[in-house]
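Please keep the sequence and the structure in view while reading.

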Amino acid sequence: MTRAASLTIVIPAHNEAAYLPRYLPTVLASLTRWEESSGERGEVIVVDNASTDTTAEVAASFGVRVISESVRSIGRVRNSGAAVADGRRLFFTDADVALPLEAITAAAAAMDTGAVGGAIPPLYTPKRLGARLLCAYWDHYRTAHGGAQGVAQFATAVAFNMVGGYRDDLFMSEDVDFFNRLTAHGRATAAPVAILDELRVRPSTRRYDQWSSLRMLWWQNPVTARLRLSSPRMWRHWYETTVR
């Protein structure tokens with residue numbers, strides 16, 4: 001009989017058939033490294049979010065579990081994956097994010113030693129100087145404010161359920177909101193959140209490379225990132241007309 005997974009990686013994916021072959025192997029390699037060192041088993045769940053390409057088929061070709069979520073809401077997609085997860089530890093990343101080999105091992109160790117969850121910061125390497133400066137600003141902002149981006153967040157299943165998961169009515173900054181609530185839960189229960197600063201995940205820079213620096217500055221600044229977060233029209237560039 002196959003052992004139940006004790007850690008689940010959830011990956012939302014909308015029309016990511018071109019990116020999964022590049023990034024999913026890094027997730028599987030990191031999971032395998034943890035499995036070999038821990039003797040435990042993990043699973044990967046790709047949540048196909050109303051894709052119109054072969055995202056589901058490509059994901060399945062890597063031997064991962066694929067489920068469907070038709071509603072275009074990143075919070076809902078992550079919650080759908082968590083709802084069917086076997087693992088008592090949850091790790092959330094995106095379909096265009098490369099994980100370092102030690103990512104899953106480090107996240108599991110943090111949770112095993114008392115953290116309710118945490119995150120691995122991203123390292124963006126866009127081509128243009130203006131985009132690189134914007135990424136550097138956000139890295140400083142997150143460090144100064146104790147936040148964490150959703151490209152690589154993790155939590156125990158207990159803590160995830162206690163805080164109610166991700167808000168599915170937010171079309172932007174749902175990851176910031178989740179991490180704030182997870183941090184507050186940790187403080188209330190005298191358990192930390194762990195920012196694994198010794199590691200970095202590497203997201204794709206497709207939006208930074210295809211949009212102008214001014215356009216990115218407009219959409220990615222602390223003021224705009226708080227505007228009309230429940231409006232799908234306001235954030236349609238991240239959903240209906242997102243860069244591929």
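Predicted model: local features only at pLDDT ≥ 70, side-chain atom pairs only at ≥ 80, totals over all residues.

## A buried aspartate

Asp 94 has a relative accessible area of 18%, and therefore counts as buried (under 20% relative accessible area; exposed is over 50% and partly exposed in between, with a 1.4 Å probe and protein chains only). Its place is in the loop between β4 and β5 (97-98), where helices (H or I, at least four residues) and strands (E, at least two) are DSSP runs numbered from the N terminus. The Asp 94 side chain makes a polar contact with that of Arg 78 at 3.5 Å (a pair of N or O atoms within 3.5 Å; within protein, one must be able to donate a hydrogen and the other to accept it, and residues adjacent in sequence count only if both atoms are side-chain atoms). Residues up to four places away in sequence aside, Asp 94 touches Ile 11, Pro 12, Arg 78, Gly 150 and Val 151, contact being heavy atoms within 4.5 Å.

In this model, local features need pLDDT of at least 70 and side-chain atom pairs count only at pLDDT 80 or more, whereas totals for chains, interfaces and linings use all residues. Residues are numbered from 1 along each chain as its sequence is written, and side-chain values use heavy atoms, with hydrogens and water left out.

## Helix α3 and its surroundings

Arg 78 is among the buried residues of α3, a helix spanning residues 74-83 in which eight of the ten residues are buried. The buried residues of α3 pack against β1 (7-13), β2 (42-48), β3 (65-68), β4 (89-93), α6 (157-163) and α7 (174-188).

Asp 175, which lies in helix α7, is buried yet has no salt bridge (a side-chain nitrogen of Lys or Arg within 4 Å of a carboxyl oxygen of Asp or Glu). Its nearest side chain of opposite charge is Arg 78, 5.4 Å away, with Lys and Arg counted as positive, Asp and Glu as negative, and His and the chain ends not counted.

## Strand β2

Seven of the seven residues of β2 are buried, so this strand is largely enclosed by the rest of the structure.
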